[in-house]
Amino acid sequence: MNRAETALVTSPPRRWLQSGYEVPVLVRFGGRLLPGSRALEIGCGCGYGTQLIIERFGAATVDAVDLDPAMIGRAGRRLARYGERVRLAHGSATDLRTALDADDNSYDAVFDFGIVHHIPHWRSASSR
C-alpha cells in the first residue's frame, strides 16, 4: 500500500465505517459465529477487523494475515490482550498454507474488510 492508503485504512473514519456499517451488514447476512468457531481474516491491517471478528461475531480464535510486516506489528500491539485467541502471520492470501500452515477447510468463516481488490487472481486465492 502507498502512504495515502495506509493512512486511510488506519484512520478513525475507516474504523467507524467497519464497525458502524460493514459489521451490521455482515451480521444481517450471516449473524454471529457458533461457539468455538475459528475465523480467518485476510488483509488484517492494524488489527481492528480482527478485534471486531472476536467481539462482534463471537469467534473463539482468529488467524489473521497481512502482506505488510508493519501492519502485522500494529495488529500485534492492538490484539495483545486476546492472547492465544489471535494468531498473526505475515503472508499472502494466495498462499495461506505457507503463511499459516492452514488448509482450505480450516475455518468456519473468512473475513475480508475491503482488501480483495489487492489480491491478484482473487477467485482462486483460497485454493492455492
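**View 1. Four salt bridges in a predicted model.** By the rule used here, the count of salt bridges comes to 4. The model is a predicted one, so read every distance below as computed from its coordinates. The protein chain that carries these pairs has 5 helices and 4 strands. Read along the sequence, those elements run α-α-β-α-β-α-β-α-β.

**View 2. R14 and E22, a buried pair.** Here the side chains of R14 and E22 meet in a salt bridge, with 2.8 Å from N to O. Is this pair buried or exposed? Both R14 and E22 are buried.

**View 3. R38 and D63, a link between two strands.** R38 forms a salt bridge with D63, and their closest N and O atoms are 2.8 Å apart. R38 sits in strand β1 (residues 38-42) and D63 in strand β2 (residues 61-66), so the pair ties together parts that are 25 residues apart in sequence. What about cover for the two partners? R38 has 27% relative accessibility, so R38 counts as partly exposed. D63, at 5% relative accessibility, counts as buried.

**View 4. R81 and E55, a loop meets a helix.** The side chains of R81 and E55 come together in a salt bridge, at 3.5 Å from N to O. Which parts of the chain does this pair link? R81 belongs to the loop between α4 (69-79) and β3 (86-90), while E55 belongs to helix α3 (residues 48-55); these distant parts are 26 residues apart. R81 counts as exposed, with 58% relative accessibility. E55 counts as partly exposed, at 43%.

**View 5. R38, D63 and R87 in one network.** Salt bridges that share partners join R38, D63 and R87 into one network.

**View 6. Stepping back to the whole chain.** How much of the protein chain is buried? Buried residues make up 42% of its 128 residues. Take the contacts between residues at least 6 apart in sequence: 66% of them join residues at least 24 apart. As for the surface, the protein chain exposes about 7400 Å², and carbon and sulfur atoms supply 54% of that area.

Technical notes: Residues are numbered from 1 along each chain as its sequence is written. This is a predicted model: local features need pLDDT of at least 70, side-chain atom pairs count only at pLDDT 80 or more; totals for chains, interfaces and linings use all residues. Side-chain values use heavy atoms; hydrogens and water are left out. Buried means under 20% relative accessible area, exposed over 50%, partly exposed in between (1.4 Å probe, protein chains only). Contact means heavy atoms within 4.5 Å. Accessible areas come from the Shrake-Rupley method with a 1.4 Å probe; for residues, only the protein chains shown count as cover.
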